[in-house]
Structures are given as C-alpha cells and as structure tokens.
Amino acid sequence: MKQLVVVGNGMAGMACVEQILKHTPRFDITVFGDETHVNYNRVLLSSVLAGEKAADDIVLHPLDWYREHGIRLHVGVRIVDVDPNARTVTGNDGGVTRYDTLLLATGSTAWLPPIAGLDKDGVLVFRTLDDTRELMRRSGPDTRAVVIGGGLLGLEAARGLQAQGCQVTVVHLMPTLMERQLDPDGGHYLLGKMEDLGIRVLLGRTTTAILGNGHVEGVALSDDSCLEADLVVVAAGIRPNVDLAHKAGLHVNRGIVVNDFMETSSPDVFAVGECVEHNGICYGLVAPLFEQGKVLAATITGNKGPTYTGTVQAAKLKIMGVEVFSAGDWSEQNSEPVRYEDRALGVYKKVTLRDGRLAGVILVGDTSDSHRYMEWLRTNADLTDQRRHVLFPPPAADAGLDAAEMADSATVCGCVGVTKGAIICAIHEQGVNTLSQLKEATRASTGCGSCSGLCQELLRAVAPEFEEDARTVICACVPFAEDRLRDILRSQRLKSVQEVLDIYGNGQGCEVCKPALSYMVDMLWCGDHAEDRSARFINDRVHANIQKDGSFSVVPRMRGGVTSPAELRRIADVAEKYSVRMVKITGSQRIDLLGIRKEDLPKVWADLGMPSGQAYTKGVRMVKTCVGTDFCRFGVQDSTTVGIEMERRLEQLYTPHKVKMGAVGCPRNCAEATVKDIGLVGQEGSWQVVVGGAAGKHVRKADLLTTVVTSEEALEAAELFFQYYRESANYLERTYDFVERLGIEKVRKDTVYAPDNIQQGLRDRLHKSKARARDPWQEGGTPKHPTQFIPLHPVENTLA
C-alpha cells in the first residue's frame, strides 16, 4: 500500500484526508502536526477566548477518528526538511519518514510587521489554541490590551479579550475597519457597533514601537501618542507557510502554485489550504479550502476529473455580535452601486452591478439573503429584470423557493464547510428534524451561527417532521407567538389572565396557557397585576411540591446553604410534630421535609418561621456556595457572602423556568457554579459571571457573560441577566436553551454591553418586582421566629 504523508493536522489537511478516505485505492496515511492537539476548528478560537466554548468543544477529529481509519498521528512534531530525491521528511525530533506521496497542508503563519520591541514579554499573536490559552492566562479586568490590526482576526481577538474583562484598544493602519471585506460605509457601521460595546478604536494609526523594560508597558504610535498596555496582540495579517515547499523544490510565488487539479510542479507532492496559490490567489477563508480538498482527493487517488476553478471571494461571519457578509468585487469602479442603510437598526446593504450582473455585495446587520447573492455570483445571473428587487426581494408565494434554488454543492455553513447536499443527506439518512440535531449530525451552525436561519429554512423545506427548537406559541387557546403576546399585553395594559383569554383567546384557557399567562402578567407589570391563583400550577397554589402519593414536601430557604442551630432545631421539632416521613439533605444544600399533609402546610410554615425555598415553582431555587475565604485555604473570594446576597436580591421572583445559581470562591468550582443557570466564579482579583449552565439530563458548561473586579459588579451583572431572561425567554425555556437560542454575544450586547439607559431599565423593573414580591409562607402575618444566619463579613460596603 502506498505511503501518504500529510504535513499539517489542521482543518484543510484533515478535510482533504476525509475526502481521500472516500476513494479507492487506499493509502497508508501518516499525519504530522506541530501543535500538540488533534484537529480543531480554528474559526472558533475566538469563542474559546471569549469563554463561550471550551477547547474540547471545538475538536473536529478526536483521537478515536484517527484510530478508526488506521491513521498514524504524530502531534507536537514539526517537519523541518523534505528530501524529494529520497522521498523522505524529517521531523524536529530527528525522525525520518518515507513517502510515496506527500501532501503539504502547512497553512499560514502570523505576519509580524517591522515594529521595534516585538520580542518583549506580553507580545502575542492569535493563531493557535496555545496562543488562545496564553491570552486567557494573561487576561483579566485590570489588563490593558492593545490589538494591532483591525481586520477579521484582530476584531475577533478584541471581542474575546473584552469578554475576559480586559480594557481593549484596537489600532488599525487603514482608515476603515476590515477594509478587505467592507467599504468605508460598512466599516463605519461596524466601528459604531464596537464603540457601543466599549472597545476603543484608533484608525489611520501606525504602531512604531512596543515600549517597556523587558515586559510590555505601552505602545508608541505614529502620531507621537502612546497607549498604556500590559498585553499586545499582533493581528496584522498572515503569510502562506511555504518553507517546506522551497525545500521540496516546488514552484512557489506567494504560495505553492497549483493547477486546476490541485497538482504542484512535482508529481509526487501535493498541497492544499492557505499555503497554496491558485491562479494568483491565496485563500484565507474556510470554504475554498474544503472545495480544494474535494478536488485534490480525487486527483491524488487516481480519480482525476473534478477541477478547482477558484472560489468567489466571500466571507460570512459574526464580528462583535454583528453579522457581516461580503462577496465578490464590491468596488464601484466600472460598476453601479445600489445601497440601503438604516442607522437606527444598524443595517447596511450594498450591491454593485456590472453589465446587469452582480459583481459584489456587502451586508452588515442583516445577512439573511446572503445565499441568494452567492447563487447570483456563482451563476453570473442576468439581473436586468430583477433590478427593482435586488436589495429586497418581493414576498415569495413559495416560502421554500430560495432554499430550493440553491445547488446541492452550495456551501451553507462556511465555518466548517457544510453544503446543502450534506444537510439534506443528514435529514434523510439520520432522521434529523431540528436545528440541534442538525448541529450534532453535520456541525453546521456550530461556528459563528450566522447560517442558522438558512439551516432552519432547509429543515422546514425538507425534514418530514420539522420541529422548532424553541417553542414560540404557548397553545391554541391563545394563538400568538410569545414575543407578540408580550407586546399585546404591554400595549393594551392587560393585567389579568382572564382579560387576555377573553380578548385574544378562547375565553377559557387550559392548564398549559394559564400558568404561562399568569407568569407573563406578573413579569410585565412587576407584580402590579390582578393575581388569579387558580391560573397557577397546583404547586404554586399551595406553595409546596406535590408528591406522587398526594402529600407535599416543604423546603425552607437556606440562603447560600447556610443555616443556624436555632433553624435546625425548629426543623427537627416540625419533623417530629407533624410526623414527617423523610428529612433529606438536597443537592442544593437545603433540607427537604417530605410527606406533609396539605391541611398541615400553613401550620408547618408558621412553626418553621423560615422563608419559602420556592422548590415548588418556576422561580429562584437557591444559590449553592462553597465556604469561600473564611475557612478554605484555596479561597480567593468571599463566595458565601456573595451567594447569600445574590439569593436575597433575587428570591421570591417568578421566572420562565426554575433558576439554580452558584457562587464559588476559586476556580476549583466546589459548588459547581459553571453548570448553573447563573454562576459567579471567584478568581484572584476578579469574578467571572457565567450563565446558561446545566447539569441534569443535558449537561452544558455555562457561557462567560463578563469578567469584573468587584463583588458588587458581579452581582449587578447577574441581576441584568436574570431580568433579561425573565423578560425575553419563552415560558418553560431554561436559561441554557435561552442562551443557545439567542447566542451569548446577543445576550452580552443586550445586558452587560447595553447602553446605560437599557441597563438601568432592566434594574428598575427588577427592583420594582422585588419590592412587590412577598414570601407566600409569611403572607398575612409576622413569622413566628426571625430568620437567623451565621454572621459573615460584608462583601463591600454596598452589601453590608
């Protein structure tokens, strides 16, 4: 069997190997990667830096994949020499490997401009997983970071560093951001979005030197100004990695020159990915690399026939939460521009037409029609008759027409190279019916997420039992989407469930819609509404959790899992007095009294003299804490006090679904804050606020919302997310589904990155609801015993 040696274990090389494995004859394959990792999705490194994904989440080919296909993988080995006469490659470990066929997938390297001081500690690039981990290690709320370069990579780095809490400044040589993908107007829109999110941008500036005595202390600019900096990220561009190609004697210009069959100047050596040059073009985006891999796989296996004729230069991505699409030649030279812009909505669209055909397109803020433009570019369609609708197509009689017109070979997800044909195949062969299933089966929409709408459109058109991942209409009794229903209640000032049913429903309601409507009027009017207890679930009506035998369980609130001897005595007395059949410690650091008769519930509450733990309702269940700094030798933050305060601020409020929270005093995470709906993770000198975690049937690591310095800032960020979830989630939608549906970037943009007036509005409505909230166990009287807690040091003066 012939020996195929692949140099490069990245996305392009392994995508090509995947295609090679589909052909015969088979090779004996050996892969060398100079990183110490299996193949991962480099597009998602910014999501790792931003805390949205873990390193394991972006793995494309785990070790088992290599084993299953008999591939010998050498990680952490850099190939340093090629001998084309002996047909061998030599690694930096001294090992020599023979090949019959050599595939170079060496990618590109970061280009470092001639700036004095680049060798100082604290100057980094952003290309690999190791780079990402080092940036995360050095980041924090007190870190001043300067990103040199306002292109795609620089802006992704800026986004991630800001999520880690850094004060970020972007310095860009050109007068507009992302000048390769956007015209000045499009770049201006993006600039406004970044500044709204708190990132400082300096355009038309050249970095002349990195300042500091051994370590970065600042950055000198061409206008004689200086920026203070603790960390500098150089993202000024990339260069094809062609060192081995020169040693192999290949024809090299800027990249390794290949023809339409992806052949180099040597019959035994092939190349694919960012290191190659085809018809004078080096491609740095993902989609062209996958197209090249398919052609090369056919050629290298003796099935020569398909050709690579080039790819329309197109980029569809999400920058700082803003969707951007750019394709073709959008310059106005010898072409007619057609524009639309709406600054209030943050939408900018521009197409250029040449001889009645589409030459290029830019979309900012709304990329839903990107596939239509790509098809026009690919087919060179005559748009003379469609000129009037080139920016806004007329309503289609056939809702699935756009998807039907796409070729099966058209790329839907550019982040991982998933085509329309692959999606349809997954629907038919694997029974895919939802977007979540499609993500798992094909990895489509797991990158920036901008293709989610098109994926849903394909599912709707093809899947026999298409299901929306997030329920929007409560039930047939009130046939309105939940967001529309919220608008109706607000505009019509409807404050009772029956009013809503009488005017907009069937007048009766059911066990599905009435609890949802009850929650909605409570949330919208901050507790100032006509409460109808009969519209609530049985648990909410009796303020306890019904069991299968008709008895009830009672869980008193123990804020932060902290109690006192007096409370424990009362719990013991109640258990004996009312013959409680089981007293159980819960997983939430509370005590559950099970087997209580319904008629005894008011007397049990009175004798306990403790607040309701809301274990029966859709509301705040608890805040689980570790012992923090007072007793733990690893604690760096007072998680106990902070957890108690967070529970105190948010308890007794209704939410779309139950909310479990956690606060830990160090990254050892003893109270599992990273799998809670809201978690506060203490670090040396800062807090990470994470949201959307889960640890039930579905396990999900929470996304990083923000990193802050003080405990009060952490609590305020938690409050913002909590109220945003109350107002924006569908009823019975858990935070982890909510965050996945919206995307953490949108959640950040609408909460911690929102303008001050938006944040203040969320806080005001939360505080108004809290002021009207009452403990149902203590309504109508004073508790028999005051609630007692172990004395703790205040977090800050504001919490004392």
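Me: As a starting point, two strands count as paired if DSSP finds at least two bridges between them. This is a predicted model, so let's begin with a hairpin: which residue takes a positive phi in the hairpin of strand 32 and strand 33?

Reply: Strand 32 (residues 582-585) pairs with strand 33 in the antiparallel sense, over 4 bridges. Between these two strands of the hairpin lie 5 residues. The one with a positive phi, near 65°, is Gln589.

Me: Which residue of strand 33 stands opposite Val554?

Reply: Strand 33 also pairs with strand 31 (residues 552-554), antiparallel and over 3 bridges. A residue of strand 33 stands opposite Val583, and that residue also stands opposite Val554. It is Leu593.

Me: Is strand 33 largely enclosed or open, and how many of its residues are buried?

Reply: Strand 33 covers residues 591-596. Buried here means under 20% relative accessible area. Strand 33 is largely enclosed by the rest of the structure, because the count of its buried residues is 6 of the 6.

Me: Let's move to the open sheet: what is its strand order?

Reply: The open sheet has 5 strands with parallel pairing. Its edge strands, each pairing on one side only, are strand 9 (123-125) and strand 12 (200-203). Neighbouring strands are turned by 20° against each other on average, direction ignored.

Me: What is the bridge partner of Ala145 in strand 16?

Reply: Strand 10 (residues 144-148) and strand 16 (residues 231-234) run parallel and are joined by 4 bridges. Helix 4 (residues 129-138) packs on the sheet and touches strand 16 as well as strand 9, its direction making about 140° with that of strand 9. In strand 16, the partner of Ala145 is Leu231.

Me: How many residues does the largest nonpolar core have?

Reply: Ile29, Leu102 and Leu104 have the most contacts inside this core. Not counting residues up to four places away in sequence, Leu102 touches Val5, Val7, Val82, Val89, Asp268, Val269 and Phe270. A second, separate core has 47 residues, including Trp687 and Tyr724. The count for the largest core is 49.

Me: Are helix 11 and helix 12 roughly parallel or roughly perpendicular to each other?

Reply: Helix 11 (residues 420-430) and helix 12 (residues 435-442) pack at about 105°, with their axes 10 Å apart. Ala422, Ile423, Ala426 and Gln430 of helix 11 meet Leu438, Ala441 and Thr442 of helix 12; by class, this contact has 5 nonpolar, 2 polar and no charged residues. Angles of 65 to 115 degrees count as roughly perpendicular. The two helices are therefore roughly perpendicular.

Me: How many residues of helix 1 are buried?

Reply: Helix 1 (residues 11-20) is largely enclosed by the rest of the structure. Its buried residues are covered by elements including strand 1 (3-7), strand 2 (28-33) and helix 8 (286-300). Met11, Cys16 and Ile20 are among the buried residues.

Methods
Residues are numbered from 1 along each chain as its sequence is written. This is a predicted model: local features need pLDDT of at least 70, side-chain atom pairs count only at pLDDT 80 or more; totals for chains, interfaces and linings use all residues. Side-chain values use heavy atoms; hydrogens and water are left out. Buried means under 20% relative accessible area, exposed over 50%, partly exposed in between (1.4 Å probe, protein chains only). Axes are lines fitted to C-alpha atoms, for helices over the stretch in contact, and angles run from 0 to 180 degrees between N-to-C directions. Contact means heavy atoms within 4.5 Å. A nonpolar core is a set of buried Ala, Val, Leu, Ile, Met, Phe, Trp, Tyr and Cys residues joined through side-chain atoms within 4.5 Å. Angles under 35 degrees count as roughly parallel, over 145 as roughly antiparallel, 65 to 115 as roughly perpendicular and the rest as oblique. Ala, Val, Leu, Ile, Met, Phe, Trp, Tyr, Cys and Pro count as nonpolar, Asp, Glu, Lys and Arg as charged, and the others, Gly among them, as polar.
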